[in-house]
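Here is a short briefing for a reader new to this structure. Look over the sequence and the model, then read on by topic.

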Amino acid sequence: MFVAYDQLNERIGALRGAEPGGTGVVLVESPWKAGRRPYHKQKLALVLASLRHFAIELAQRGFAVRHVVHDGPYRDALAPLARELGPLTVMEPAERELREDLAPLVRDGALRVVPHDGWLTTADQFRRHRRTPPWRMAAYYELVRRETGILMEPDGEPAGGRFSFDTENREPWRGEPPAAQPPRFRPDAITTEVAELVEQRFGDHPGRLDPGALPASRSQVDRLWAWARESCLQHFGPFEDAMSVRSTTLFHTRISALLHLHRLLPRDVIADVLAMDELPLQSREGFVRQVLGWREFVRHVHRETDGLRDLPGGAKPNVLGADRPLPPAFWGAPSGLHCLDEVVRNVWEEGYGHHITRLMVLANLATLLDVDPRELTDWFWAAYTDAFDWVVEPNVLGMGTFAVGPLFTTKPYVSGAAYLDRMSDYCGQCAFHPKRDCPITPLYWAFLARHADRLRDNPRLAMPMRSLARRAPTARERDARIHARVAELLAAGERVTPDALAE
Ligand SMILES: Cc1cc2nc3c(=O)[nH]c(=O)nc-3n(C[C@H](O)[C@H](O)[C@H](O)COP(=O)(O)OP(=O)(O)OC[C@H]3O[C@@H](n4cnc5c(N)ncnc54)[C@H](O)[C@@H]3O)c2cc1C
């Protein structure tokens, strides 16, 4: 059988229940795939170190492992092996890119596809939450909660009387309780070798490679998840939306890449969390909503729309017509906006950032600046260790930028400086003051004004649109001027400063 780079678990797919003695496993390392985008070096190291550790774990259990390095598409690596060994079985790939790559072999019968049983929900469940778009996570999540019985009372009511405690997950963090400190790992010989290989072969890729932050061996993966359970989940719910210069993690679990690679199984993490009776319901439900809800939901959306290429009415995934290039600030040129600079610096340091920094800093600013959503998606894909097509495309094109309109989210998630100031401590170190002169607020009003025709009837934007209507014409002219000036400065790779915006 062939086990893909993101199927690294012996309890799923064709490996589930396979007897070591009678089973051969093909694993493929593809420098070609690694070089297709400027992937963060930490991501390349994580994927490769995980693959190599998994190969050794399987071999130690007695599986005959054929570890192939091939510098080209996966189909070219597998075709000769299928001729030599006979048809190979593969669990259906999660990534569209890999499905496309392997399609000719599937057609020829060289590859036999078995269903992906690492997911928690089915396409049928997704289709039953709403037969036609727009799709809605809340309705889907409710259906799945009812059908799985997860966090449900015997009388059929959701635990705590509500399906979502989202409204209680919005506390800012001011330093207490202390933020969870992610564990450090001692790199073993395999991880060290992988780190050297990545530095040598992909030294021109961006990002810092930090082998001590890589949970690559089985015991390191288990230690990360134990840390998440012990140190993060207690406070996960209330501070889910908080952001701080003092911690990139706060109380988030950092497990996304391990879930996607299947080094951790979603069903295991859900079961573990449900067994933690001591956790406040708001944290338990918050976590379940992310893994059983959002993670599965975006995957279904991606699958149903052929990776958002096949949208209702033939629409293109850029309904707001955003067409400006991504500013150099996303690649590390200082922008002068402390929130942006801090989050970008963190991403290139760690390949990680939690949900709200991605949504309300990076995607927010890119959306306010009319950045081409495809270019932004490709940046996210390169920058984060947990980015794979099925998860990054819907998150950026749907949730992050509203590029697919209300297909599966209700509104653009944009904000001015007041939200950032309330939920973070970034503004304290910025040259701008959030109430007096931060350009993000005029950028926000200018965005609403530019897209008023499309957004006016959106019930979730009724309040800001009313405020926009009351905004004086001189203020609106100034908003537009600041938007143009900030976009111009950032496009040129220059800093936005109070002087540069002085009128
Ligand atoms: C613009 C944008 C781009 C994003 N790109 C990615 C991406 O490339 N890869 C990725 O895994 N997530 C992405 N997300 C979703 C989310 O930000 C990350 O899953 C999360 O921050 C991962 O960190 P964590 O493991 O500490 O998560 P936690 O906050 O601890 O949450 C637990 C788990 O829930 C799951 N989850 C939560 N939200 C989502 C979501 N919206 N979609 C899918 N899974 C979710 C993840 O598996 C995560 O590990 C993106 C979000 C936005 C707004």
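In which strand is Ala 64 found? Ala 64 is in strand β2, residues 64-69. Helices (H or I, at least four residues) and strands (E, at least two) are DSSP runs, numbered from the N terminus.

This is a predicted model: local features need pLDDT of at least 70, side-chain atom pairs count only at pLDDT 80 or more, and totals for chains, interfaces and linings use all residues. Residues are numbered from 1 along each chain as its sequence is written.

**Ala 64**

- Ala 64 is partly exposed, with 13 other C-beta atoms within 10 Å.
- A residue is buried if 20 or more other C-beta atoms lie within 10 Å of its own, exposed if 12 or fewer, and partly exposed in between, with C-beta atoms placed from the backbone.
- Ala 64 and Ala 417 are 353 residues apart along the chain, and 57 Å separate their C-alpha atoms.

**Domains**

- The domain assignment of the protein chain gives domain 1 (13-114), domain 2 (123-181 + 221-304) and domain 3 (313-501).
- Such bounds come from an automatic or database domain assignment.
- The centres of domain 1 and domain 3, taken over C-alpha atoms, are separated by 38 Å.
- Their contact takes 11 residues from domain 1 and 9 residues from domain 3.
- Two residues are in contact if their C-beta atoms, placed from the backbone, lie within 7 Å.
- On the side of domain 1 that touches domain 3, α2 (41-60) and α4 (96-108) each supply at least two residues.
- The largest share of that side, 3 residues, comes from α2.
- By class, that side of domain 1 has 4 nonpolar, 2 polar and 5 charged residues.
- Ala, Val, Leu, Ile, Met, Phe, Trp, Tyr, Cys and Pro count as nonpolar, Asp, Glu, Lys and Arg as charged, and the others, Gly among them, as polar.

**Around the ligand**

- The ligand has 26 residues around it, and His 252, Ser 256, Gln 290, Ala 387 and Gly 400 come nearest.
- A residue counts as near a molecule or strand if its C-beta atom, placed from the backbone, lies within 6 Å of it.
- The shell around the ligand draws at least three residues from each of domain 2 and domain 3.
- Helices α9 (256-260), α11 (281-304), α13 and α15 each supply at least two residues of the shell.
- α15 gives the most to the shell, with 6 residues.
- The shell residues divide into 14 nonpolar, 8 polar and 4 charged.

**Helix α14**

- In α14 (residues 373-383), 8 of the 11 residues are buried, so the helix is largely enclosed by the rest of the structure.
- The buried residues of α14 are Pro 373, Leu 376, Thr 377, Trp 379, Phe 380, Trp 381, Ala 382 and Ala 383.
- These buried residues pack against α12 (338-350), α13 (355-368) and α15 (389-400).

- Two packed helices are described by the angle between their axes and the distance between the axes.
- Axes are lines fitted to C-alpha atoms, for helices over the stretch in contact, and angles run from 0 to 180 degrees between N-to-C directions.
- α17 (residues 440-450) packs with α20 (residues 473-491) at an angle of about 105°, their axes 8 Å apart.
- α17 and α20 are therefore roughly perpendicular to each other.
- Angles under 35 degrees count as roughly parallel, over 145 as roughly antiparallel, 65 to 115 as roughly perpendicular and the rest as oblique.
- Residues of the contact of α17 with α20 divide into 8 nonpolar, 1 polar and 3 charged.
- α17 also packs with α19 (residues 462-470), at an angle of about 95° and with axes 10 Å apart.
- That makes α17 roughly perpendicular to α19.
- Here Trp 445, Leu 448 and Ala 449 in α17 meet Pro 464, Met 465 and Leu 468 in α19.
- The contact of α17 with α19 has 6 nonpolar, no polar and no charged residues.

**Backbone features in loops**

- A cis peptide bond joins Pro 133 and Pro 134, with omega about 5°.
- Pro 134 lies in the loop between α5 (123-129) and α6 (137-148).
- Another cis peptide bond joins Glu 176 and Pro 177, with omega about -15°.
- His 262 is a residue other than glycine, with phi at a positive value near 65°.
- His 262 is buried, with 25 other C-beta atoms within 10 Å.
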